[in-house]
Amino acid sequence: MNEWNPFRPVAAGTHPANDTPAYRSTAFRHPTAPLVKIPQTITEISGPRFSPAQFPPMTDLSTMNGRAALGERIIVAGTVTDEDGRPIPNTMIEIWQANAAGRYDHERDQHDAPLDPNFHGEGRVFTDGEGGYRFTSVKPGSYPWRNHPNAWRPNHIHFSLFGPGFATRLITQMYFPGDPLLDLDPIYLAVPAGARTRLISRFDLSLTAPEWALGYRFDFVLRGRSATPMEAG
Amino acid sequence: MTGVTPSQTIGPYWHLIGHAEWADLTRFGARGERITLSGRILDGEGLPVTDAAVEIWQADPPADERFPGYGRSATDAQGGFRFTTIKPGPVPGRGNALQAPHLALTLMARGLLVGLVTRVYFAGEALNETDPVLAMIEPAPRRATLVAAPDGPGAWRLDIRLQGRDETVFLEV
Ligand SMILES: [Fe+2]
């Protein structure tokens with residue numbers, strides 16, 4: 001098992017299908033021809049390496065210029081591992097989210113909810129040697145969208161992960177336990193039933209900072225490596 | 001064994017993590033033949049995809065402190081993306097095969113629950129004729145959807161069609 005072993009195929013029933021009619025924006029954006037399956041080569045097995053020197057971490061979304069954002073302060077922490085439980089150290093995670101009122105600090109977000117001068121909503125963290133990560137933020141609000149009448153997104157945080165290779169790139173969203181909007185959300189429901197709940201974080205009392213912030217645990221799992229090196233393929 | 005974390009759409013507000021300078025892979029001082037790669041992303045109705053994140057990754061020249069090998073470009077109001085990078089050379093494939101110079105490209109957007117992956121080759125490269133990945137694409141005329149055309153000195157262009165006539169070939173890696 002080394003850095004030249006290709007990544008295993010993603011198990012069926014993991015990712016949503018791009019052709020998901022209940023999520024209307026997919027209608028003219030999903031390819032109709034089947035994907036062409038190619039063997040992984042150096043291009044897919046290797047991947048970008050980000051250094052904190054060139055891509056500075058931003059681990060506290062809950063303040064700007066020393067002033068606190070409004071909302072419920074939260075700590076989000078967990079691990080990045082592969083399917084075999086191997087930690088993925090020193091990998092970059094990008095984070096973005098709405099403010100506590102459910103508004104993005106983004107020119108195209110027209111939701112009639114207030115912006116917060118002390119909240120922007122961009123974060124960036126690197127995992128440590130054991131694959132662990134941690135950041136501080138405020139709990140994002142839910143917000144309406146125009147997918148169907150009276151549609152609301154459940155509270156969520158967006159994540160971008162790179163992992164060890166081009167083939168491990170992952171864009172996902174983390175949800176919160178007990179959110180009644182989950183069962184009404186076509187984006188969440190697009191994930192096959194057996195894998196869906198992997199996107200729900202866990203409230204974790206041991207992560208909370210007493211009299212300061214609530215704590216949620218969310219572990220990311222990226223594709224594991226196959227046992228056969230590329231050269232033998 | 002633990003299950004892989006499922007993919008979700010990047011949504012319309014990913015620009016919060018967007019930084020225009022990431023589209024220039026030469027910004028840390030890379031040396032080599034500088035090229036631009038640009039194109040448009042079009043949907044199944046022929047309309048521009050104006051909120052996409054387009055990413056490239058190349059195994060050659062090898063990434064180092066000066067050359068990240070990776071870039072990201074936001075599409076504009078015309079669906080256009082644009083990168084500045086170093087022209088890749090051939091890289092080894094499986095066995096004794098040599099792959100033609102190429103970039104890997106990932107496309108993420110609202111309405112895409114899983115990112116789409118394709119490759120960008122360069123018209124006129126002799127190795128295109130024997131490239132093992134291009135050779136897997138049938139019918140053969142669809143291979144052209146992966147081949148960028150020259151568009152002036154040091155400039156290359158490739159449009160990407162998500163759906164319908166002349167749909168780009170997307171890959172499972
Ligand atoms: Fe969102």
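Mentor: Helices (H or I, at least four residues) and strands (E, at least two) are DSSP runs, numbered from the N terminus. This is a predicted model: local features need pLDDT of at least 70, side-chain atom pairs 80 or more, while totals for chains, interfaces and linings use all residues. Residues are numbered from 1 along each chain, chains are lettered from A and ligands numbered from 1 as written, and side-chain values use heavy atoms, without hydrogens and water.

Trainee: How many helices and strands are in chain A?

Mentor: Chain A has three helices and 14 strands.

Trainee: And what box do its C-alpha atoms fill?

Mentor: Along the principal axes, the C-alpha atoms of chain A fill roughly 55 × 40 × 30 Å.

Trainee: What share of chain A is buried?

Mentor: Of its 233 residues, 56% count as buried. Buried means under 20% relative accessible area, exposed over 50%, partly exposed in between (1.4 Å probe, protein chains only).

Trainee: Is Phe203(A) buried, exposed or partly exposed?

Mentor: Phe203(A) is partly exposed, because its relative accessible area is 42%. Phe203(A) belongs to strand β12 (residues 202-203) of chain A.

Trainee: Switching to chain B. Why is strand β8 called largely enclosed?

Mentor: Strand β8(B) spans residues 116-122, and seven of the seven are buried, so the rest of the structure largely encloses it. One side has Leu116(B), Thr118(B), Val120(B) and Phe122(B). The other has Val117(B), Arg119(B) and Tyr121(B).

Trainee: Which way does β7(B) run against β8(B)?

Mentor: Antiparallel, with six bridges joining β8(B) to β7(B), residues 102-108. Strands pair if DSSP finds at least two bridges between them. Leu107(B) has Leu116(B) as its bridge partner.

Trainee: What about β9(B)?

Mentor: Strand β9(B), residues 147-150, runs parallel to β8(B), with two bridges. There, Val147(B) stands opposite Tyr121(B).
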